[in-house]
Amino acid sequence: MKNAIIFGLLIGILSGAWMFIMHALGYSPQASGLNPIKYVSVIIPLIVLFIGIYSYRSNDCGGHMGFLEALMQSFKILIVGGIISVAAAIIFISEFAPPGVN
């Protein structure tokens, strides 16, 4: 579980920081359209999840891991990362949303 918490926190912190960086660069989540720079928000969890599963396999499983074990570890990492990301999104929306938008 230690591995899931570490890499979940990393996903959550990086995703939360990316929201604030996008705001600082002038990109609004309310604006329609998709810019290529917004794809980084998808790449962050994919890369960190891959590194987290690789670390789990190398350090905790001795280099051997089954599909179900990897699936469960991925689920734990993404749950922790999702909780942190949602908390960052709530803070972001409450601080930077335009008045009158709920």
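Start with Asp-60. Leaving out residues up to four places away in sequence, Asp-60 touches Asn-3 and Ser-55. Touching, or contact, means heavy atoms within 4.5 Å. Asp-60 and Asn-3 are 57 residues apart in sequence, yet 8.8 Å apart in space, C-alpha to C-alpha. Asp-60 sits in the loop between α2 and α3. Is Asp-60 buried or exposed? Asp-60 is exposed, because its relative accessible area is 52%. The cut-offs are these: buried is under 20% relative accessible area, exposed is over 50%, and partly exposed is in between, with a 1.4 Å probe and protein chains only.

A word on the source. This is a predicted model, where local features need pLDDT of at least 70, side-chain atom pairs count only at pLDDT 80 or more, and totals for chains, interfaces and linings use all residues. Residues are numbered from 1 along each chain as its sequence is written, and side-chain values use heavy atoms, with hydrogens and water left out.

Gly-63 counts as partly exposed because its relative accessibility is 37%. Beyond the residues up to four places away in sequence, Gly-63 touches Arg-57 and Ser-58.

Now the overall plan. The protein chain has three helices and zero strands. Along the sequence, the pattern reads α-α-α. Helices here are DSSP runs of H or I with at least four residues, strands are runs of E with at least two, and both are numbered from the N terminus.

Take α1, residues 2-25. It has 24 residues. From first C-alpha to last, α1 reaches 34 Å, close to the 34 Å expected at 1.5 Å a residue. The expected span is 1.5 Å times one less than the number of residues. Just after α1, Gly-26 takes a positive phi of about 100°.

Which residues of α1 are buried? Among them are Asn-3, Phe-7, Gly-8, Gly-12, Gly-16 and Trp-18. Their cover includes α2 and α3. Ser-15 counts as buried because its relative accessibility is 15%. Setting aside neighbours within four places in sequence, Ser-15 is in contact with Ile-44, Pro-45 and Ser-85.

On to α3, residues 67-96. How far apart are its end C-alpha atoms? They are 41 Å apart, which agrees with the 44 Å that its 30 residues should span at 1.5 Å a residue. The buried residues of α3 include Ser-74, Val-80, Gly-81, Ala-88 and Phe-92. The buried residues of α3 pack against α1 and α2.

Look at Gln-73, also in α3. Gln-73 counts as buried because its relative accessibility is 1%. Not counting residues up to four places away in sequence, Gln-73 touches Asn-3, Ala-4, Ile-53 and Tyr-56. Asn-3 comes up again here: Asp-60 touches Asn-3 as well.

Next, the core. Which residues make up the largest nonpolar core? Eight in all: Ala-4, Phe-7, Ile-11, Val-48, Leu-49, Ile-53, Ala-70 and Ile-77. α1, α2 and α3 each supply at least two residues of this core. A nonpolar core is a set of buried Ala, Val, Leu, Ile, Met, Phe, Trp, Tyr and Cys residues joined through side-chain atoms within 4.5 Å. Pick out Ile-11. Past the residues up to four places away in sequence, Ile-11 touches Pro-45, Val-48, Leu-49, Ile-77, Leu-78, Gly-81 and Ser-85.

Now the outside. Leu-34, Tyr-39, Ile-43, Ile-47, Phe-50, Ile-51 and Tyr-54 form a nonpolar patch on the surface. Together they have about 760 Å² of accessible area. Patches are made of residues with over 30% relative accessible area and no salt bridge; like charges are joined within 9 Å, and nonpolar side chains (Val, Leu, Ile, Met, Phe, Trp, Tyr) within 5 Å. A salt bridge is a side-chain nitrogen of Lys or Arg within 4 Å of a carboxyl oxygen of Asp or Glu.

Ile-43 lies in α2, residues 40-59. Ile-43 is partly exposed because its relative accessible area is 41%. Tyr-54 is partly exposed because its relative accessible area is 47%. The C-alpha atoms of Tyr-54 and Met-65 are separated by 9.8 Å.

Last, the whole chain. Buried residues make up 28% of its 102 residues. Among contacts with a separation of 6 or more, 72% join residues 24 or more positions apart. The accessible surface comes to about 6800 Å², and 73% of that belongs to carbon and sulfur atoms. Accessible areas come from the Shrake-Rupley method with a 1.4 Å probe; for residues, only the protein chains shown count as cover.
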